[in-house]
Amino acid sequence: MRRRRRLPLLVVVIAVLAAAGLLSAAAMQGTFDYYRTPSELDANAVSSQQSVRLGGMVEPGSVHHHGAEVRFVLTDGAHDVVVVSHGTPPSTFRGGQGAVVIGHYIDGKVFRADSVEVRHSNQYRAAGDSG
């Protein structure tokens with residue numbers, strides 16, 4: 001008898017949890033930046049509306065400043081992506097440095113970066129320590 005009383009309560013709890021999960025998933029839709037390498041970006045087409053986080057190495061000699069615009073090539077060694085950013089990149093930004101850009105890949109040709117972040121090693125050395 002007691003078991004029959006719990007069944008409707010259990011069904012209601014499961015329905016509420018399922019509804020909460022669906023609402024959470026719907027609310028988070030479009031809020032994620034998917035991390036990709038230039039090869040992954042080349043292999044999988046993305047919509048120009050989709051925000052993408054692209055990581056790779058800044059090709060040495062590819063950084064060019066044109067007023068407020070910075071243009072450079074981000075590579076993973078196999079594929080290159082031309083990145084255009086407006087604004088000042090971080091002071092440690094330079095060729096041969098790892099970087100992560102967040103933005104949109106326009107027409108599969110140019111990556112328009114809204115944000116440029118420099119990656120660095122997690123090894124810290126004292127100033128003047130060359131080894």
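**Close-up views of a predicted model**

**View 1. L7 lies in helix α1, which spans residues 2–28.** Helices (H or I, at least four residues) and strands (E, at least two) are DSSP runs, numbered from the N terminus. The model is predicted: local features need pLDDT of at least 70, side-chain atom pairs count only at pLDDT 80 or more, and totals for chains, interfaces and linings use all residues. Residues are numbered from 1 along each chain as its sequence is written, and side-chain values use heavy atoms, with hydrogens and water left out. L7 has a relative accessible area of 51% and is therefore exposed (buried is under 20%, exposed over 50%, partly exposed in between; 1.4 Å probe, protein chains only). Together, L7, L10, V11 and I14 make a nonpolar surface patch of about 390 Å². Patches consist of residues with over 30% relative accessible area and no salt bridge; like charges are joined within 9 Å, nonpolar side chains (Val, Leu, Ile, Met, Phe, Trp, Tyr) within 5 Å. A salt bridge is a side-chain nitrogen of Lys or Arg within 4 Å of a carboxyl oxygen of Asp or Glu.

**View 2. A surface patch of negative charge gathers E40, E59, D76 and D80.** E40 belongs to helix α2 (residues 38–43). With 37% relative accessibility, E40 is partly exposed.

**View 3. Strands β5 (residues 80–86) and β7 (residues 110–118) run parallel and are joined by four bridges.** Two strands pair if DSSP finds at least two bridges between them. Opposite V84 stands R112 in β7.

**View 4. Strand β6 (residues 98–106) runs antiparallel to β7, with eight bridges joining them.** V116 in β7 stands opposite V101. The hairpin of β6 and β7 has three residues between the strands, and D107 takes a positive phi near 55° there.

Note on methods:
Areas by Shrake-Rupley, 256 points an atom, 1.4 Å probe, with all protein chains shown as cover. Lys, Arg positive; Asp, Glu negative; His and termini not counted. Charge placed at Lys NZ, Arg CZ, Asp CG, Glu CD.
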